[in-house]
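Let's go through some of the labels used for this model and see what backs each one up. Here is the structure.

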Amino acid sequence: MNRYINQIISKLKCSRKRRKEIKEQLLSEFTSGLEDGKTVQEIIDQIGLPNEVADEFNNNFSDSEFKKHRNEILLTVLVVVGLIVAAIVGFIWWSLPKQIWIEDSRIFDKETVMSQAETVIDLLDKDDYDALKEICDEKMKMVLEQNDLRDGKALIGPDWGARQSVGNTYIVELTQSGKKSAIVQMHAAYENANVMYTIYFNQDMELEGLWMQ
């Protein structure tokens, strides 16, 4: 019964208010018929096929009802499009990287991040890559296993010499796609080279990214 009524209602080209009134009318006809001892199928046969019943209603609707129907469809489309646009904008905003100074972070402690960055550079200076792997996340461990950082250091210079000093250091918290990282950019002066380190840590203070230039 409900399926039959919904098939008729879905084909009506009128306002929501008028569709509700027609639905109540049809339900009333079924209620009366059942009280008179008729079966659901007998009532359906009496009312007619859904397409024919809907066409009869549509042929009797006024122009204002058709206009209301068109306006409601347009409004529904605009709402759906608006929701899709809002979802896209929200996803783009969520995906874009956002930075704050480490001092404003609620996740990372500046001194802890700075200390861990110095540890990374000390291990690189000593070429102690086994110890470096111990403070890496799983992905970074795989990178170190597949690549020799000595080759990367050689691109900057064949012999850096001893580290002389550490210059300006910038530390920020990066949020991208819901993931937070601490990024340290540190300039180090060696006897024969100047190196800019960019070091990434995850929330567990594991090394997850390293660039030298």
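Buried means under 20% relative accessible area, exposed means over 50%, and partly exposed is in between (1.4 Å probe, protein chains only). This is a predicted model, where local features need pLDDT of at least 70, side-chain atom pairs count only at pLDDT 80 or more, and totals for chains, interfaces and linings use all residues. Residues are numbered from 1 along each chain as its sequence is written, and side-chain values use heavy atoms, leaving out hydrogens and water.

Q: Why is Asn202 called buried?
A: Its relative accessible area is 12%, and the cut-off is under 20%, so Asn202 counts as buried.

Q: What makes the approach of the Asn202 side chain to the backbone nitrogen of Asp204 a polar contact?
A: A polar contact is a pair of N or O atoms within 3.5 Å; within protein, one must be able to donate a hydrogen and the other to accept it, and residues adjacent in sequence count only if both atoms are side-chain atoms. The Asn202 side chain reaches that nitrogen at 2.9 Å. The backbone nitrogen of Glu206 also lies 2.9 Å from a polar atom of this side chain.

Q: Which residues does Asn202 touch, not counting those up to four places away in sequence?
A: Phe108, Asp137, Lys180 and Glu208, where contact means heavy atoms within 4.5 Å.

Q: How do you know that β4 and β5 pair?
A: Pairing takes at least two DSSP bridges between two strands, and 5 bridges join β4 to β5, which run antiparallel. Tyr200, for one, has Gly209 in β5 as its bridge partner.

Terms used. Helices (H or I, at least four residues) and strands (E, at least two) are DSSP runs, numbered from the N terminus.
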